[in-house]
Amino acid sequence: MLLKDMIEGLTIELICGDINKDIVDITQDSRKVVEGGLYFAVPGAKVDGAKFIPDVIRSGAAAIVTEKAEKTLTGILENDILVNGNFEKGDENTIAIIEVENIRYAMGIISSNFYGRPSDEITVIGITGTKGKTTTTYMVKDMLELAGIKTGLIGTIEIDNGKEKIPAINTTPDSITIQKKFREMVDNDCEAVVMEVSSQGLMLDRVAGIEFDFGIFTNMSPDHIGPNEHTSYEHYKECKKKLFSLCRTAIYNMDDAEAEYMMDGSTAAPITFGKNEDADYIARGHKLYRENGILGIEYDIDGTLEGHIRVALPGDFSIYNSLAAIVVADCMGVSFDEIKRILEIIKVRGRVEMINISDAFTLMIDYAHNGMSLESLLKAIREYEPKRLVALFGCGGNRAKSRRYEMGEASGKYADFTIITSDNPRDEDPQAIMDDIKVGIDKTGGAYIDIIDRKEAIRFAIMNAKEGDVIILAGKGHEDYQEICGQKHHMDERDLIREILEEEDVREICGYNNRYFTE
């Protein structure tokens with residue numbers, strides 16, 4: 001693509017070279033520059049990308065985009081790099097150097113243009129908020145997929161381009177990756193994409209160049225405040241709010257205290273949901289249900305749609321997650337009958353994911369991996385009045401010890417019994433981590449046992465389950481590995497459960513049925 005077409009929509013200053021040259025690739029990684037490629041000299045938290053410009057030129061780059069043209073030229077000359085041309089405008093024989101005011105924003109626009117503005121060809125749904133982004137993202141994706149709308153995904157766990165899934169590095173990737181994956185989704189016949197939009201992604205303009213059809217606000221509470229993140233709660237909120245200046249339709253949880261702040265100044269068409277009587281989609285009279293080992297929630301919806309909703313996921317938060325999915329599906333033409341049918345069977349991997357191995361008790365997997373999330377989960381499940389609430393978890397090594405004390409204390413307060421085990425010990429002794437968790441539980445007087453091997457801990461939980469129990473395997477969620485001494489070893493709790501269920505004594509004790517193997 002010609003450089004002049006890639007910079008369309010930007011205010012730039014051409015320092016030298018010619019914008020009528022063809023660009024074959026784009027990157028912000030100096031090690032990946034190819035001959036004829038374009039390099040974004042992005043200043044990072046630790047290293048300034050301008051440092052690598054001499055190497056980039058030696059690699060045959062055709063263009064450089066920078067915020068610091070003078071520094072760039074100085075670096076070239078000081079390193080005595082031999083290139084053709086005289087660093088003059090219009091000289092087609094030398095490298096093109098373009099100066100922009102905000103390189104991260106420019107990278108988003110240029111990436112979008114380079115990949116043919118893929119967001120114009122696909123319905124883009126962005127979700128932001130403090131809690132529930134991942135669950136809501138998967139719920140929206142599964143809702144659309146089950147309704148026959150092929151949907152890609154970009155989120156905390158993975159990127160799904162419609163043909164393959166790759167693990168995610170950041171909740172919201174860099175703009176080059178986003179635009180490239182959007183193009184792959186379009187080429188793979190996806191009709192929509194749903195993505196988590198983090199405050200960092202908005203602050204760093206990773207979503208520049210994206211035309212969002214829908215922006216969803218889930219909720220807001222203080223988080224990510226500190227070095228290299230947000231200087232204050234006000235800054236955090238302001239970054240989140242940016243999404244609603246980038247979308248055509250904005251969907252808000254009206255029950256959240258920050259909803260009005262998010263709505264203020266937005267030019268997007270607003271749609272609201274919640275228990276609030278002023279919302280467009282209103283949830284009324286919710287009830288909990290428990291059937292055949294499954295915990296769920298049901299409510300009546302009123303306003304734009306009217307009828308009864310059953311969601312095969314537990315907790316009050318499932319009302320809000322499902323409402324967000326309902327609004328998107330309704331706006332995209334999915335029939336109300338289909339919406340209701342899908343919500344009764346929907347699952348979200350690693351988020352209150354129920355593993356249906358017995359009608360007598362409930363077994364679930366969840367990603368709750370800190371004190372706040374574990375406490376919230378246990379409180380939500382306790383509303384179902386289980387015979388006993390059993391929490392099984394560990395804590396990650398090489399992380400703040402306070403998390404161990406907090407999780408231990410939360411479980412000691414809100415679970416009837418705790419099974420302490422290993423999570424991702426990393427470079428620490430697993431037993432030492434477990435001993436730290438005990439400090440928190442001991443403050444509460446809660447009952448517990450520690451079993452260092454996670455499979456044996458799960459086996460113990462299943463073997464000792466009683467009718468009416470709810471057992472929560474917390475902390476791993478979607479993860480399918482255990483990190484030990486710098487290496488990731490495959491460990492998926494679903495596989496562990498299958499292996500345990502193959503043992504005859506376990507089948508007999510837990511009232512095992514065949515459903516888990518046939519799902």
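This is a predicted model: local features need pLDDT of at least 70, side-chain atom pairs count only at pLDDT 80 or more; totals for chains, interfaces and linings use all residues.
Figure 1. Helix α16 spans residues 493-501, and its buried residues are E493, R494, L496, I497, I500 and L501. Viewed along the axis of α16, these buried residues fall within an arc of 160°, so they line one face of the helix.

Figure 2. For β17, pairing with strand β18 (residues 362-366) is antiparallel and runs over two bridges. Within this pairing, M354 stands opposite M364 in β18.

**Figure 3. Surroundings of T362.** T362 is placed in strand β18. T362 counts as buried because its relative accessibility is 0%. Leaving out residues up to four places away in sequence, T362 touches R290, G293, I294, L295, M354, D469, V470 and I471. One of these, M354, is the residue that stands opposite M364 in β18.

**Figure 4. The eleven-stranded sheet.** Eleven strands make up an open sheet with mixed pairing, in the order β9-β8-β7-β10-β6-β11-β12-β13-β14-β15-β16. At its edges stand β9 (165-167) and β16 (307-311), each with a single partner strand, so one side of each is left without a neighbour in the sheet. On average, and with direction ignored, neighbouring strands of this sheet are turned by 20° against each other. Strand β11 (residues 212-217) pairs with strand β12 (residues 247-253) in the parallel sense, over five bridges. In this pair, F212 stands opposite C247 in β12.

Figure 5. Helix α11 (residues 336-343) lies across β15 (294-303) and β16. The direction of α11 is at about 25° to β16.

**Figure 6. Surroundings of L202.** L202 is found in helix α7 (residues 199-203). With a relative accessibility of 1%, L202 counts as buried. Neighbours within four places in sequence aside, L202 is in contact with T128, V197, V207, C239, K240, K242, L243 and L246. N321 is 119 residues from L202 in sequence, and the C-alpha atoms of the two are 22 Å apart in space.

**Figure 7. Aromatic pairs.** The whole structure contains three aromatic pairs. One of them joins F114 and Y115: the ring centres are 5.1 Å apart and the planes are at 85°, so the pair is edge-to-face. F114 counts as buried at 16% relative accessibility, and Y115 is buried with a relative accessible area of 16%. In the pair of Y233 and Y236, the ring centres are 6.3 Å apart and the planes are at 35°, so the pair is tilted. Y233 and Y236 are three residues apart in helix α8 (residues 233-241), and therefore separated by about one helical turn. An α-helix has 3.6 residues a turn, so residues three or four places apart point the same way. Y233 counts as partly exposed at 22% relative accessibility, whereas Y236 is buried at 0%.

**Figure 8. Lysines over tyrosine rings.** K237 lies over the face of Y261, at 4.4 Å from the ring centre. K488 lies over the face of Y481, where the distance from the ring centre is 4.3 Å.

How values were computed
Residues are numbered from 1 along each chain as its sequence is written. Side-chain values use heavy atoms; hydrogens and water are left out. Rings of Phe, Tyr and Trp (its six-membered ring) pair if their centres lie within 6.5 Å; planes under 30 degrees apart count as stacked, over 60 as edge-to-face and the rest as tilted. Buried means under 20% relative accessible area, exposed over 50%, partly exposed in between (1.4 Å probe, protein chains only). Helices (H or I, at least four residues) and strands (E, at least two) are DSSP runs, numbered from the N terminus. A charge sits over a ring if NZ of Lys or CZ of Arg is within 6 Å of the ring centre and within 35 degrees of the ring normal. The arc is that of the directions from the helix axis to the C-beta atoms. Two strands pair if DSSP finds at least two bridges between them. Axes are lines fitted to C-alpha atoms, for helices over the stretch in contact, and angles run from 0 to 180 degrees between N-to-C directions. Contact means heavy atoms within 4.5 Å.
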